[in-house]
Amino acid sequence: MSGGVVWVLVGLALAVVTVRRRSAAIALVTAQSALLGIGAFALTPGRSTEFLVASLALVAKAAVLAALLGWSLSGTREPHPVWDDTPPILRFGLAATLALGVSALIPSIGLVERSSEQATVALVAIGIATVVLRRATLFQALGLVVAENGIALAATAVEGGMPLVIELGALFDVIVVVVVATAFHERIFDELGSGDTHGLRGLRD
Amino acid sequence: MTDLVVTLAWLSVGLPVAAALLSQLTSRDRATDRIGLIGAVGTAGAAGALATLALVRSGEPVVSGVVLVDAASGVFLAVIAAVGLLSALVSPAYLDGRERGFFAPARARHWYWLGFHLFWAALLSVPIAANLGVAWLLVEATTAASALLVAYSGRRNALEAGWKYLVLTTIGLTVALLGIVVAYASAPGADGLSALGWGSLRRSASEMPHEAAVVAFVLLLAGLATKIGWAPVHNWLPDAHSEAPPPVSALLSAALLPAVALVAWRSKVALEPAVGGGTARAVFLGFGLASLAVAVPFLWRPLAWKRLLAYSSLEHMGVIALGIGFGHPLAIAGVVLHVAGHALAKALGFYATIPLLQFQPQAALRSARGVARTSPATASAMGISLGSLSGLPPSPLFFSEVFVLLGGFLSGHAAVAAVAAALLSLGFLGLVHALIESMLGEPRDARVPERRSSRLAARLTLVVGAALLALSVTAIALPDSAPVEALVRWAG
Amino acid sequence: MSGATAVAGAVQIVGGIALAPLLPGLVQSFKARLQGRRGASPGQPYRELRRLWGKSAVAVEGTTVLYRLAPAVVAAALATGVLLVPVGGRAPDWPVGADALVLIGLLTLARFTVTLAAWDTGSGFALMGAGRDLAYSVFVEGLLLLALVLAALPGGSTDLRALSDAAGGSDRWGEPAHWCALLAFGLVVLAETGRQPIDNPDTHLELTMIHEGPLLEYAGRDLAYLQWAAAARHWIVLVLGAELFLPHGGSFWVRLATLAVALPALCAALAVTETWQAKMRILRVPRFLAAGAGIALLGLVSWYLGGGA
Amino acid sequence: MSAVAAVALAGSGLLLTGGLVALRARLLGAALALQVAGVSLLGGAGATVVLGADPVGSGFSGAVEPAFGIDGLSGFFLASLALVAVPALVFAHGYLPGSAGAPAVAALTAAFLGSLAGVVVARDVISFLGFWELMTLVPAAAILVSHREERARRTVFVYLAVTHLGGAGVWVAMLALARYGAFADPGALGQGAQLLVALAALVGFGTKAGLMPFHSWLPRAHPVAPSHVSALMSGMMIKVALYGLVRVSFEWLPEPTLWLGLVLLGLGLLSSLGGVLYALVQHDLKRLLAFHSIENVGIIALGLGASLLFAHEGEALWASVAFAAALLHTLNHAVFKALLFLGAGAFDRAVHELDLDRLGGLLRRMPWTGAAFAVGAAAIAGLPPLNGFASEWLTLQTLLHLAGLGSLGIGVAGGLATAGLGATVALAVYCFVKVVGLVLLGPPRSREVAEAVEAPLSMRAAVVFLAGLCVLLGVLPGLLLPRLAGLAPDGASLPTHGGLELPGTGALPAPALAVTLILLTGALLLARGRRAAAPAPAWACGQLVEPALSWTSAGFTKPLRLMLEAVLRPERTVTARIEGGVVQEIAYEGEVPHLFDTKLYRPVVRIASAGAAQARRLQSGSLRAYVLYLLALVLALLVLVRTGALG
């Protein structure tokens, strides 16, 4: 996948950490997944059919996730977005530095281009950063998806592509997890009146 | 022979899935329970048969497609099957005494059995997965299936626990998946699924570039550690164990954690040629000591019963990590014994909460007290469980801990083993305090225990106690038994 | 058994039994002289014993058999002890042996019994004295054993005869260890005989009694036994002092003669210390004895630094 | 299988059945009888090995297969166990009925005896550790069965905590020995390994033996246990710990190590002096006895240390004599301490009170128990011609000769130890004069005491038997000496006498001494005649002797408390109620805090719990923190890989 596309993916991820509204974030993640799918699709010439299927699956995933998240969004209208204790610019800075750090840290792991190696770890890192920096349940779920996208990117960049079973299985798992996550999101929303995980700190020692 | 094994393998995964689906058909609670139980018995039968077969023929492992049945799968299958069966059998008792929950009451039981059987199916399939990738998928599947069960009671705390469990383990497994991708990418001539098969991975590992292999290994281990509950990424464990329904807690602690630990173990064996024995060992020993050390301060605090058991799980996972890390035959025998003994004792402990919470409700939030004064049956269950978990003779865990530590000394890790012994006895302080107080302290309020629940406790105590004793008796013969020798050969 | 040994045995018995009361008597009369009084004759103790023998014993109300047994046991222990102490470095092989530690054990037995009798009477003064006596004994025993260690260094044996032989000759006097031992044992003698500055045997004020205290409730022959025991204690420690730490040597007869001179001399020395020393405060006594222990330890060190000759 | 082995097996079988039968409350008597039979068979088997029969069973091995055997040392401890256990069980027959959970306690007693014997005969690591743990746990269970109140639970927890923490030392030592195959040939142990094993064993076995400063559990646990169990704990359990120490330091360490000998000497001195000092200031009888156990363990440790030093200097004869002295004192202490604990139990049953200041005059009301108790007191105080004197004489002799051994360090150590042991003996005399005086003599100090009645036959029989043993072992110690000396590594052979006759000593002809003392006393009593005037009140400067004037435990020991104020740091509060310038009443409260607790244990515990509280912040409850941990872990591992620290 061309370097440009790869860095767009990372940029989108960073945007997810930063933006304030859930809807915007969902749109970004969907865009990211879609872009990933299309990028993969663009690589299909000269690759196995398995790869084709996989890239199609990626596109499908984007659609499904968009639908799922959008639906649960409509189910849980919140009066005002969940307040985050770190300001957007700081979130952006932290996530970016983390991404740079890990992509500098990661040695060559045998993907076709160096750029996608770095982008992969950057995406995973940013996904995790999203969970750390955002309090809203939905954002944390999105963080998972972003990290998953990172893996998907790596999968496309593997010599000859990952085995299809893994690809599809992973996609399926992601979707199931997101389904469960949205279920939780709604229950938590009912319980707390907002998707703020700050309220979920009762279990401690 | 191979066909039989494979059939049994598919049966023991297929039956619970079937049971899960069938249990949705009826609308009546009792019927659902019945289907669930029948399915459980069938599953346990198939899995048990498979396990015995595996243990008997531990000499020659069977590999066909994505199915691998060797001594290790035999041991873990047996444990998972036994714990699953017991959990299924006690489930109705729990479901009957249940208040409002996560799901609409009308369908609650159906959801429960659906989740339970899918979870169990995934668990049973993990030890017989012949392939790192497939194993990963199945582990991830267990998360999805069990997260809802954790939150089953629908209490706020349960929601919190479930959410933390879901997010933490998913992120962890994402990291692990990254590790798998790295391993696959750096494996020379990797094409298709088979490249991730345990055997071929081990073969190709010798040509992997060292650094990439190490990166893959640490990512994989760090990711799996979150699921196994190794410190410092264990934090979901106490919450989930204490909030889940007792039968599910038992499955989580006694079946899930060891099953994932097996995946970690297999990865160690597979990648060792590339990573180097020293590094692999160091990672396991590090996780082991960290888990033991982190468990101690929490065990010292008066904890609610299930939370106490959860932290002791942390401790025991540490012991297992140490045993795998030491790699000495005696230590491996210790690991086998430890997995089995810990599973039984821990499961008994969790089941005991069903009667316990019935007559001491606040034991859900605060430490149990003076159970022996109100319900001797429950007290004996809790006492046997905790006594075994704190490694007192003649419980099998005493022998397994001696095996592991002695193995540590014999494999030349005297310092690590000595520190581990010290940490174990530090943890013992908390356990024994809990043991004394929960048995003989002044009860906060003593409702009268129902006869039904104490009957349940008595039966369980009898069964599990006998099983534990049997384990202790076999302990001495274990180190030079065929399965363990097969394991030793496999673990190199 | 050679004649010398036979004589030694005779002296042990006659001296220990009959001459013992003379020693406190001597001390008293010397003291009287030093204080410019005429004082009683050295034979006074004998007169007292005769008087007591004629009187009848008094039983304290509510006492048990222990109270009645005690005097006899104490006297028996001391009498046995007398057999252990060699004179002139000789003693026949009495069946009771001649070991220093056994002697200490017998003295302890006597102390134990007296104190139990005090408890039996439950009399406050008796117990007051007994308590103090036992408190002292803790330090005295330690000191005594250290002195014994030093004395046993050259001979390497705790057989009192061997100890006495090892102390003979002039070369011992060149060793600081011996001097330290001498000093330490001197303190032990003061404590064991209940002399000033540790105890005042002449006191008639109950509150200040230490060794006298437990005897307070006794009368008649019981008291006679106990007083004789006190005298025998003098005999044992003084003879030991002379035998183990004073210069002697040559043949048995010479040593016997030396002893005959040494004993009155020691009594005189006791009298002198009693005259110029006032009684110490109870709490200062332990420091006093501890200082003695320190000196003894120095002696031990010096012995090894001196090449353990 | 040899006859001895058969007897031993039969014995253990009987013991086991005795334990099971005990669970039926009605069959208590039969159960105890079975246990007596079993333990006496075990003891008999042990005794025959000590007396020269060949060792039976296997030798020590680092393998995991269970192995058992009886050699001389094990035999000696088995025999001592039987000597203590039989009277304890007989006592229990009168003592248990009417106490809480009698059947359970009886069953646990059997389990306790079994585990004690098990440790001694175990020949492989796992059985050893298993029985070791059981030996720790069973008494705890016995305590909890009979007392459930807060204090007892606390005590049991402290007991288990301290002994188990120390027990880690035992684990490490045994496992390390197995790892180096040092059971077979000690030479396999390297320098570092030797240090590890020696230190671990010292801490592990020392804790269980109650050596200071690891003793904190002992004075707590022993008093609360049922009396016959306390007797076994004080009499045998701590000795079995010493057995382990002996095995390690004399058999499994390659050559007698100088520093270990000196350390043992030091700990022994500390324990003997410290133990007896704190015993002196106690006023609860059983607690006092517990502190005396510490003292006597110290004396035994002195003997062992001396033996090591002699062996190190190549003095085979004295090395084995010192070894024998330690073993002899082990046996003697087992006997008289059991006697004293059982006596205390009998008093407790009679008057439900063990505060020294509330007893008194029991010799009149319980003549048998009282007399036996007095004999035990005289024995532990080390008075001739009783057994305490014999072994203390032997120990003193060894220390005295250690002082003359020829090198400055050892010499000074020996001198100090000699003086210290002398002071210890004097303190013990002080202490037990007080005990006998306050418990047996003088006027009764409470109504219960005044109405006390003699204990039932079985309890009386037990204590009288033990008192007889005290006398017998005191009069004929020489019969045992050669055997015990033979048990030492390269043990010298000594001639057998009734008394103790050794070169370099004036000999302790115990039989003759006893006869002489008795004859002389008799003669003097005859000479005294029976003339006595009318009884008179004790002299109190003419005023009447009232109970208010009677002496207390604190009063009697006050001189020493004052003399050692700097060491003991006693605390006292005197409050006077004054009205109109006139003192109406004065209240005096005094106690001697246990400095090891206040200055050592409590601070450690405080620091540890504070640290734990800090560590628990890890579980902050915030999911984001947890994810951060994961991130940090991954980054740290990656950094390690990149820097080459890992892989």
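So, chain D first: it splits into domain 1 (255-521), domain 2 (555-591) and domain 3 (601-642), with the bounds coming from an automatic or database domain assignment. Between the C-alpha centres of domain 2 of chain D and domain 3 of chain D there are 50 Å.

Quick word on what you're looking at. This is a predicted model, where local features need pLDDT of at least 70 and side-chain atom pairs count only at pLDDT 80 or more, while totals for chains, interfaces and linings use all residues. Residues are numbered from 1 along each chain as its sequence is written, and chains are lettered from A and ligands numbered from 1 in the order in which they are written.

Okay, who touches chain D? Let's start with chain B: 51 residues of chain B are in contact with 44 residues of chain D. In contact means that the C-beta atoms of two residues, placed from the backbone, lie within 7 Å. On the chain D side, α5 (125-146), α6 (150-179), α23 (595-615) and α24 (623-642) each give two or more residues, and α6(D) has the largest share, 15 residues. Those names come from DSSP runs numbered from the N terminus: helices are H or I, at least four residues, and strands are E, at least two. By class, that side of chain D has 32 nonpolar, 6 polar and 6 charged residues. Here Ala, Val, Leu, Ile, Met, Phe, Trp, Tyr, Cys and Pro are nonpolar, Asp, Glu, Lys and Arg are charged, and the others, Gly among them, are polar.

Now the other partner, chain C. This contact takes 65 residues from chain D and 75 residues from chain C.

What does chain C look like by itself? There are 11 helices and 1 strand. Its radius of gyration, taken over C-alpha atoms, is 19 Å, close to the 19 Å that the globule rule gives for 309 residues, so chain C is as compact as a globular protein of that length. That rule is 2.2 Å times the number of residues to the power 0.38. The C-alpha trace of chain C spans about 60 × 45 × 40 Å along its principal axes.

And how much of chain C is buried? 62% of its 309 residues. Buried means 20 or more other C-beta atoms within 10 Å of a residue's own, with 12 or fewer making it exposed and anything in between partly exposed; the C-beta atoms are placed from the backbone.

Over to chain B, which has 19 helices and 2 strands. In chain B, 72% of the 492 residues count as buried. Zoom in on α16 (residues 396-410) of chain B: 15 of its 15 residues are buried, so this helix is largely enclosed by the rest of the structure. Just after α16(B), B:Gly412 has a positive phi of about 85°.

Which of its 690 residues touch the most other members? B:Val181, C:Leu143, C:Ala147 and D:Val335. Helix α12 (residues 316-351) of chain D brings the largest share of this core, 24 residues. As for B:Val181, leaving out residues up to four places away in sequence, its contacts include A:Ile151, A:Ala154 and A:Met162.

Terms used: A nonpolar core is a set of buried Ala, Val, Leu, Ile, Met, Phe, Trp, Tyr and Cys residues joined through C-beta atoms within 7 Å.
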